[in-house]
6 protein chains.
Amino acid sequence: MRILVVNPNTTASMTETIEAAAQFVAAPATEIIAKTSKMGPVSIEGYYDEVFAVPGLLMEIAEGQTAGAQAAIIACFDDTGLDAARAMASIPVLGICEAAVATAALVAQRFSVVTTLERSITPVKGLVYRYGMADRATVRAANIPVLSLDDPTSDAVLKLRTEIEKALAEDGAEAIVLGCAGMADLARDLQAEYGVPVIDGVSAAVKLAESLICLGLTTSKRGAYATPLSKPYQGLMASFAPKAFM
Amino acid sequence: MRILVVNPNTTASMTETIEAAAQFVAAPATEIIAKTSKMGPVSIEGYYDEVFAVPGLLMEIAEGQTAGAQAAIIACFDDTGLDAARAMASIPVLGICEAAVATAALVAQRFSVVTTLERSITPVKGLVYRYGMADRATVRAANIPVLSLDDPTSDAVLKLRTEIEKALAEDGAEAIVLGCAGMADLARDLQAEYGVPVIDGVSAAVKLAESLICLGLTTSKRGAYATPLSKPYQGLMASFAPKAFM
Amino acid sequence: MRILVVNPNTTASMTETIEAAAQFVAAPATEIIAKTSKMGPVSIEGYYDEVFAVPGLLMEIAEGQTAGAQAAIIACFDDTGLDAARAMASIPVLGICEAAVATAALVAQRFSVVTTLERSITPVKGLVYRYGMADRATVRAANIPVLSLDDPTSDAVLKLRTEIEKALAEDGAEAIVLGCAGMADLARDLQAEYGVPVIDGVSAAVKLAESLICLGLTTSKRGAYATPLSKPYQGLMASFAPKAFM
Amino acid sequence: MRILVVNPNTTASMTETIEAAAQFVAAPATEIIAKTSKMGPVSIEGYYDEVFAVPGLLMEIAEGQTAGAQAAIIACFDDTGLDAARAMASIPVLGICEAAVATAALVAQRFSVVTTLERSITPVKGLVYRYGMADRATVRAANIPVLSLDDPTSDAVLKLRTEIEKALAEDGAEAIVLGCAGMADLARDLQAEYGVPVIDGVSAAVKLAESLICLGLTTSKRGAYATPLSKPYQGLMASFAPKAFM
Amino acid sequence: MRILVVNPNTTASMTETIEAAAQFVAAPATEIIAKTSKMGPVSIEGYYDEVFAVPGLLMEIAEGQTAGAQAAIIACFDDTGLDAARAMASIPVLGICEAAVATAALVAQRFSVVTTLERSITPVKGLVYRYGMADRATVRAANIPVLSLDDPTSDAVLKLRTEIEKALAEDGAEAIVLGCAGMADLARDLQAEYGVPVIDGVSAAVKLAESLICLGLTTSKRGAYATPLSKPYQGLMASFAPKAFM
Amino acid sequence: MRILVVNPNTTASMTETIEAAAQFVAAPATEIIAKTSKMGPVSIEGYYDEVFAVPGLLMEIAEGQTAGAQAAIIACFDDTGLDAARAMASIPVLGICEAAVATAALVAQRFSVVTTLERSITPVKGLVYRYGMADRATVRAANIPVLSLDDPTSDAVLKLRTEIEKALAEDGAEAIVLGCAGMADLARDLQAEYGVPVIDGVSAAVKLAESLICLGLTTSKRGAYATPLSKPYQGLMASFAPKAFM
């Protein structure tokens, strides 16, 4: 099985963290192809950054599909561009927030998501709500910039642990979901430390991607995710016109 | 008052329809500035088209704000890019779906939205849900391509009327919301014909924009819509980096 | 445009506050006609007072419509009598709670409503829920009697500010809705002080009323708001029988 | 036990139907005191009629409480004035819609309410929603004026039976709730005919009233139903000022 | 009337507490038949205990029905086995959680349930949600083992009172629901002490059972509660095969 | 990896169908251990059968865990006993309904579940609701007894196909979930026939079980699924007392 994991921000060192997490859980027969987006923001922090991360992300997925990937993972906890990717691609596509909360729901009745910045709480709550977990999940921010997770001199992990401790003490959390792809390397240690399931979305998505491939399932093209209609795109966006990809 | 109305697709004839509808309801002291996006799809039909409409849309809003617009309207019923625009701009921003359903809710307990294509039902339902109207609104599609609304030889209006009649007969609809910016010119005639409120989102958004300006209200920058953080954007998207606009 | 604003309690000094707020935001061409109810409680604090405020309120709306008003506003945050008024009148009718939360939703993802007394929390929550904002709004009481807002020697505003500060600190509020018509004069100062949108329902309702008039929209008479059937009313209520008004 | 049953419309023949239904199920030791409101509409059909039924209703409840009633029942399926009555009275108060749906929920997972007129569907749905049964109940109208139920020459019962049959065939209804006090005499026959539980709210409310009396429970005066504050009421409503009752 | 009250755990002293509470509120003509399950756990604390309490509970209900009981009450706040009992029996069956929250909803807008152990919060929340009270009720645990309620030397009541005080101070609770059958004897004293309605589910269920009997209502056999199909059961469970009971 | 799949009914031929479906999708390194419950009903059709299937199911899971299984699957679409199993076991446990809807949600916005009998619609809806898919899924019954799926001479598959066709035509379904373990062998053919994703819960659960094992995740023992407290169980249930298993 060949699974494409796209980091939709342009920071290659973060892709390395993501790739390592993906490799760690991949089945022996699975090939992980990790890609860094070639265009867009260096980190995705809020609605604005999301917009400009999507074209580069979709380009990677389109190329990956052509190159034989059998499933694609969007390694940003905002599940940036997930709907568009599902409409575009014929292979299944997974977001890491979706994967993480779907997995957490299998091992806990109630869990807390700890994300990076305050401004991400509303978008992540929106996702949690959409994935049907509004009554089961609390969303918190540790107030750490995304790229600080890549910086060993920052206090990012310390702040993350403080927030996890609050979640356990105040939210009735039975499990913790790590709310950023940049935290993918921390799940195992934190799980050992706190004695509750700690879920990383990248790892979770890899396993779900393998599952969908094995089950022979891909996005339904009936209804919401119908293949984009062929039509002209103007100006800077011309090269993304549907006919170019399909 | 100066209100910017952006057609986020690149079809200028559709902008004309939108501009006329906006002008028709604007207050005497209001200047309507209608803009067609310079990049992206010729029509927005589904999740994929949405992605590539947003950069051009945001560029128009940023330019409009610089040029003195006091509010901006996104004239696409998917409310494409609304969250990003609210985060980016310091002026208030309105989506026409949001404006239409907020207005319909003032004159009816229960209403039906009639949009264009089947594939738009899920995105529009998502919006209706988010705007708190899940229990009050039904979403239907008339199966008409967006650009057929601009074509006097098509049977688009006939199909739209058939679907409105079904909504009145089957949904308990007390009012009708027209689910596409390209229908902006039809509201008054349909209201006269069917004897129930028929709401066009472009017109509704113009009045809400005037209201917000007059009330001195703009998007809160606390929380979800905090100003985008300054950071580099790579490749084709470099020119959209937050510092470029703010 | 002629807009009727009815204070459904019988305290004329409060009507003055309401009228001033309405005038302040009305368009140049709008005539604000402010009326104090001639019968009922001197202030509306809880479900019981509401009941006896409605007949006087409806009488003012019926008279106002006859006298040429094109829209009516119910200037009490409980939206007292709103459904009955919509059924009775052929002009559009707005409640100030509905207007305030509909407006707040355009500038914030999450907001807090600060009302007067503890006993009003449940009725206001009921409205917020009905208007589709259950997931986006918190309701708080500042524990101030309605009429104390009219008394410059009271500590009402101090208590209101304390509660606003709690809302910002504890609720994740991005905006504040003032939950009483008697607070209509405070919105601008509080907005300047706290740097977040502060929404007064009277002002918001005036702009929405102008909008509906301009859009040619009024309450649908299909379904929930069908015109009251002509029938006898007995005793003290005889003069309110539907045929008397319509 | 002494239980007051108030018909909040002024039609005495309907009170007789209600009283008979109440008597039929009352415990041997229970005294049913049935009262017809002395003021307001001859039937309650929609939001407008409701308003003018409440003062007469509250007057009966206040008088009944003074005369020793230990619980009060509002015998109109709109649960007209229920919140105000709960705030006013120190004895427990029950609405027949609330009683009927609470009882239906004990014998069926899913039920349909069949009410009189189309215009009552939205108010009744609002109640069903508030009582927590949004996911379990369907609301239908048989298109019969309230007073036709009292007229043996009308086809009201025929229409009601047709609608019950539709509910059983189309809604997955496991039980039927009769959605008008004027149908109180029909429950037993319809239950025998259709072989599913058929619930009349008047009967259900009598048993719940007996239960609350026996359990020593009455409306909490903490929060939403705090005793009305003493204050002047003006004009026609002066005699209803809180101090007059309490 | 003959009402069966089954304690689904096997601790006879707890059955005595339950029986006393049931007797205290039963109508003069009601015969309370209290039974202790003959098989299963000595107390029900969490999902696992529930499973093994149900066969013994159903056996008691089946025997009780045969012996002439007209209604059955399951005296465990988890409403253990309620759905199966409703499907099995032709007499109405009530759970004490369902009875308590249905009754609380008649005297308060908002209430708190205080149960025993932390592990019971999620199951009880699940019930509260299912009974339509998700928006009106808070669930708390006093951290007291079920059987400690039977032990006069324990500090169980002290802990319960502490939790009730928190509910009143922090939850906006207008009433308290006691979340364990073993608390049935405490309701009256706590109500007197705290001045708000305190509801015990055993008492509430007795009154609702009398009501259903008097109203001639029993579980609908259409849909969810259709009579179990006759079929073989294997091994240790063979004696419970549907044909054995019906 | 060693995965236990328990058929909680006692029909061995149905276990064969389940085992074959599990084997078909299991990874090369996965050992599927399929077990038929030794006690309880021959098929699970409604709430009553569920109760008596759980003890035998839990016994198999306890034995399987002792024998080295790393995850357990409950192969009945009612997810019978899932909560108790999660509390009892230290290995992760999956229900096939939960697995199927979690998987369907990854490939479709909206899907329909087709189950066996009418009486199962409410229990399955309850599960779909609990798993957060209330707004995305429709539940239908094909009116086929569970064991008829094992009988090649029955018209069960024909009826199932008819119901799938209705789901596609009437529900806006983008995918189909097969609502019975006995349909596990039909998914691939139906998917090929109808051109939409068709999800079988047994297969889906096997892949999720492999995923959880690989991710090192198991049920949180904090909160709802805390390990059962050691205590005596009486009578026929004595051998199931918690200490016996743990």
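Two strands are taken to pair if DSSP finds at least two bridges between them, where strands (E, at least two residues) and helices (H or I, at least four) are DSSP runs numbered from the N terminus. The model examined here is predicted, with local features requiring pLDDT of at least 70 and side-chain atom pairs counting only at pLDDT 80 or more, whereas totals for chains, interfaces and linings use all residues. Residues are numbered from 1 along each chain as its sequence is written, and chains are lettered from A and ligands numbered from 1 in the order in which they are written.

Between chain A and chain B, S10(A) pairs with strand S3 (residues 40–41) of chain B in the antiparallel sense over two bridges, and Tyr233(A) stands opposite Pro41(B) in S3(B). With contact defined as C-beta atoms, placed from the backbone, lying within 7 Å, 41 residues from chain A and 41 residues from chain B take part in the contact between these chains. On the side of chain A that touches chain B, at least two residues each are supplied by strand S3 (40–41), helix H2 (47–66), helix H3 (82–88) and strand S10 (233–234) of chain A, and H2(A) gives the most, with 10 residues. This side of chain A comprises 23 nonpolar, 10 polar and eight charged residues, with Ala, Val, Leu, Ile, Met, Phe, Trp, Tyr, Cys and Pro counted as nonpolar, Asp, Glu, Lys and Arg as charged, and the others, Gly among them, as polar. By contrast, no contact joins chain A and chain D, whose closest C-alpha atoms lie 16 Å apart, and chain B and chain E likewise do not touch, their nearest C-alpha atoms being 16 Å apart.

Within chain A, the domain assignment, which is of automatic or database origin, gives domain 1 (2–96 + 203–245) and domain 2 (97–201). The C-alpha centres of these two domains of chain A lie 22 Å apart, and their contact takes 26 residues from domain 1 and 26 residues from domain 2. Helix H1 (12–25), strand S5 (93–95) and helix H8 (201–215) of chain A are the elements that give two or more residues to the domain 1 side, the largest share of which, six residues, comes from H1(A).

In chain C, Val6(C) lies in strand S1 (residues 2–7) and counts as buried because it has 31 C-beta neighbours inside 10 Å, the criteria being 20 or more other C-beta atoms within 10 Å for buried, 12 or fewer for exposed, and partly exposed in between, with C-beta atoms placed from the backbone. The C-alpha atoms of Val6(C) and Lys35(C), 29 residues apart along the chain, are separated by 4.8 Å.

Methods
Contact = placed C-beta atoms within 7 Å.
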